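Dear colleague,

I am handing over the structure that follows, together with a short account of what was found in it. Please read the notes with the structure open beside them.

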Amino acid sequence: MGNAQVDGNECTHVDVLIAGAGISGIGSAYHLQQQSPDKSYLILDMKDSFGGTWETHKYPGVRSDSDLYTFGYRFKPWVGAPIASADEILKYMGEVIDENGIDEHIRYGHKIVRCSWASDANAWTVEATRTSDGARLTYTCNFLWMCQGYYDHEKPYVPDWPGMDNYKGQFIHAQLWDPGIDYTGKRVLVIGSGATAATVIPAFAEKAEHVTMLQRSPTYFYCAENQNELADRLREVGIDEPTVHRCVRAQINHDHWVIQQRCLTEPDVVFEELKDMVRQYVGEEFEFEPHFIPKYRPWQQRLAFCPEGDVFKAAAEGKLSVYTDTLETFTEKGVRTASGDEIEADIVVACTGFNLSVMGGIPFEVDGKAVDWHDTVTYRGMMFTGVPNLVWVFGYFRASWTLRVDMLGDLVCKLLNHMDSLGAKRVEVALREEDKDMPILPWIEEENFNPNYLMRDIDKLPQRGNKPEWRHNQDYWSERDEIPATDLDGPEFLYDGERTKKALKTA
Ligand SMILES: Cc1cc2nc3c(=O)[nH]c(=O)nc-3n(C[C@H](O)[C@H](O)[C@H](O)COP(=O)(O)OP(=O)(O)OC[C@H]3O[C@@H](n4cnc5c(N)ncnc54)[C@H](O)[C@@H]3O)c2cc1C
């Protein structure tokens, strides 16, 4: 860390600035310390603590949907049950921060409000507002490592439903849940059917008078015990935790790959198996029609994990009623659906998802020109044409997000070290001659994966090509071979505006 001058004023300079202290930012800091130990760095986060997603969400029962053997980092063994509460995830992240001295690099309560790249200085100027007193602070850095997530932490997505002002009960979005809300003995209506709804419903069902779920369309659920047999067995025979972690990660990644393939080749068989998993908890007679028969293929959206079939148990025990319908309007006492059903509720909890936020909604400029991310083409969902010295850590949706944090951590450090060995101050990606006729397409491959919050704002996201290096294919199983094999001398990388000698020689 040092000082720099911006417009005649002194400001802090670091080699690398990491935006966000969520699971991506903390993991990236760890890799930077390990693999590029000479780089000075800072992490800025607008919150008052670390954790990102796991700090924001406080609704009843908040927990991971993925197992922590793969959602945890490669380098820090997970020793608990596979599915973890937000508190357990925060404790794990806290240990990573303490064990590696990351805390001294984090500046909490610092909201980044503007980033500008200047080619003459080969540096980013990052302006931040300190939330405690509103002071405007300026940092400069050579490299920006964007770990600010993908959704707006302050404003969740609430559809513009008619009649909301008429409703006399309490309305809240799950993302803004206040743990002080008492739902004991109340009638709770949950709108939505994704992973968040699947988490809150069993928690509400314990104390509420009754829970109703109103969904537009059904979701696939994966019901199982919250345990991993391989982990239990390896521990029983005395295997050390780092080895347990490594083996269980490998097993889970393998099993996920198999199930993903089967969802493509035999979706109906997979669905029958998913139904059998439900039946182990609620019996053979459970009626799936119409509320638990999704319209899409399994895995086209995330499969919602349901520990010990808890959502289905709540339905089978009469604590949960389900409507598959469209919300037509709010009324004084609840909502009315398009089919004319009235659902009365004391509390309405919207589990309607996120508002996408590309690069944290921060305005970016390159040499005085505003960056429109939609005008850029992405290199593997991590770098963007025309935007130098910047990466965005965008993880996986169908595998654990963090698998990609570790892989990109390796690649970014390799890139930073490669720049040093070349003496280069600037790196960017550029389409090659062979890419000139490549179709430029929307970020998301709708056929492959199509969550609503991405589809709603597809025009805010960068674009992609149809070659592996110019898309984020959401496929951990191909990228785990491709990303470590990246040739940083490939012609798609420009260093100080030039291809490397090696790239020119092979061209
Ligand atoms: C309830 C919930 C459950 C989930 N469960 C899973 C799961 O089980 N498995 C899985 O793989 N994925 C899951 N996800 C997806 C999840 O968001 C990611 O896996 C992961 O936590 C994202 O981490 P991140 O660090 O990239 O971003 P975030 O967790 O979003 O953290 C970003 C951080 O950046 C900060 N930030 C943003 N903008 C600025 C700014 N302008 N200035 C300063 N700081 C800024 C934020 O304050 C935040 O701390 C879940 C998401 C939610 C909402």
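**The nonpolar core**

The largest nonpolar core holds 130 residues, and among these Leu17, Val190 and Ile201 touch the most other members. Such a core is a set of buried Ala, Val, Leu, Ile, Met, Phe, Trp, Tyr and Cys residues joined through C-beta atoms within 7 Å, where buried stands for 20 or more other C-beta atoms within 10 Å of a residue's own, exposed for 12 or fewer, and partly exposed for what lies in between, with C-beta atoms placed from the backbone. Helix H10 (residues 401–422) provides the largest share of this core, eleven residues, and at least three residues come from each of domain 1 (2–153 + 357–506) and domain 2 (164–350).

Please keep in mind that this is a predicted model, in which local features need pLDDT of at least 70 and side-chain atom pairs count only at pLDDT 80 or more, while totals for chains, interfaces and linings use all residues. Residues are numbered from 1 along each chain as its sequence is written.

Ile201, leaving aside its neighbours within four places in sequence, is in contact (C-beta atoms, placed from the backbone, within 7 Å) with Val190, Val211, Met213, Val311, Ala314 and Leu320.

**The two domains**

The bounds of the two domains come from an automatic or database domain assignment, and the C-alpha centres of domain 1 and domain 2 lie 31 Å apart. Across the boundary, 25 residues of domain 1 are in contact with 31 residues of domain 2. On the side of domain 1 that touches domain 2 there are 15 nonpolar, five polar and five charged residues; here Ala, Val, Leu, Ile, Met, Phe, Trp, Tyr, Cys and Pro count as nonpolar, Asp, Glu, Lys and Arg as charged, and the others, Gly among them, as polar.

Ala203 sits in helix H5 (residues 195–207), helices being DSSP runs of H or I with at least four residues and strands runs of E with at least two, numbered from the N terminus. Ala203 counts as partly exposed because it has 18 C-beta neighbours inside 10 Å, and, apart from neighbours within four places in sequence, it is in contact with Pro60 and Gly61.

With best regards

Conventions. Contact = placed C-beta atoms within 7 Å.
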